[in-house]
Amino acid sequence: MALALLKNYRPFQGPKGLTLYDLFKKFDKTWALTKKSSTKYGRTSPDRTYEDAMKRRQTDPWNFLFIAGMWFQDLFNYDFRRTEMCIIPYATQQGEISFCAYNTGIGWRKIIENMHKNATVAEWYRTHGKHEIYAKGKKVDLDCYEHSLKIDAEDAARVRHLEHDIPLTAAEEDRIRRKKAYEEQAKVRAIYEELVLKKPQPAVVQIGTVGDIAKAVPANFANAPVTTASADGNGNGHANGNGIAKTPQTEKAARAVAGD
């Protein structure tokens, strides 16, 4: 955190009175980085009191708001390795559970809260009333705590069609991006093998389209002429024994060859 602050913070572009030294004092008040921090700002250890907290607040005109981004996981992109690396523990009725396991995926939060809940929010409001709401310092009275949400039955029953030309989710976009990247890698690999490795590329033979194959007429071997050579019965397959055969004769095939 300190390295990120030194890398990105621009003191001359920041507000007056919030230099790097002022930021260091903020860290010192929070985590007691120096030995005399407890005397100057109040204790930050578990034995701190309300007076310690007020001492730190009253001697500092600045407050910090830290915003941390989490790689949130849904069921379609759940990563157990990410869950194993989570370092934020949650204290629950079932023991410590990591933040990632408690709030992502199938949701241990939902399971544990349903196991140990004693009332729903609506039941609690009916019994104890709702907390007061203020807007610009003025109290806002609510006559009714019941919701007025109306759900369109037609919209609720609408099913998303799986056949579509454009990606509808982040997972589909990532899948299309990976597919394009693989195709580009294959093209580059083929060029490298052809030009550098001198590896012959497999020749592609066009045999026609599916429409051309459907239009093709099968051959009729039943009426096809067959050429045969006649031979004498002297055992050498020739008429005179010197390798000269007689004139071929043409006759009709009795039947088509099986499989043709």
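1. Cys86 counts as buried, because its relative accessibility is 17%. This value, like the others in this note, comes from a predicted model.

2. Cys86 takes part in no disulfide; the nearest cysteine sulfur belongs to Cys100 and lies 3.4 Å away. A disulfide requires the two sulfur atoms to be within 2.5 Å, and the 3.4 Å from the sulfur of Cys100 to that of Cys86, its closest cysteine sulfur, is therefore too far for a bond. By this rule the structure has zero disulfides.

3. Cys100 is also on the buried side of the cut-off: its relative accessibility is 6%, so Cys100 counts as buried.

4. Turning to the rings, the structure holds four aromatic pairs. One of them joins Tyr90 and Phe99: the ring centres are 5.5 Å apart and the planes stand at 90 degrees, so this pair is edge-to-face. Tyr90 counts as partly exposed, because its relative accessibility is 24%. Phe99, with a relative accessible area of 17%, is buried.

5. Tyr90 also pairs with Tyr102. Here the ring centres are 5.0 Å apart and the planes are at 65 degrees, so the pair of Tyr90 and Tyr102 is edge-to-face. This pair links distant parts of the chain, twelve residues apart: Tyr90 is in strand 1 (residues 89-92) and Tyr102 in helix 6 (residues 99-103). Tyr102 is buried, because its relative accessible area is 7%.

6. Taken together, Tyr90, Phe99 and Tyr102 are linked into a cluster by ring pairs.

How values were computed. Residues are numbered from 1 along each chain as its sequence is written. This is a predicted model: local features need pLDDT of at least 70, side-chain atom pairs count only at pLDDT 80 or more; totals for chains, interfaces and linings use all residues. Side-chain values use heavy atoms; hydrogens and water are left out. Buried means under 20% relative accessible area, exposed over 50%, partly exposed in between (1.4 Å probe, protein chains only). Rings of Phe, Tyr and Trp (its six-membered ring) pair if their centres lie within 6.5 Å; planes under 30 degrees apart count as stacked, over 60 as edge-to-face and the rest as tilted. Helices (H or I, at least four residues) and strands (E, at least two) are DSSP runs, numbered from the N terminus.
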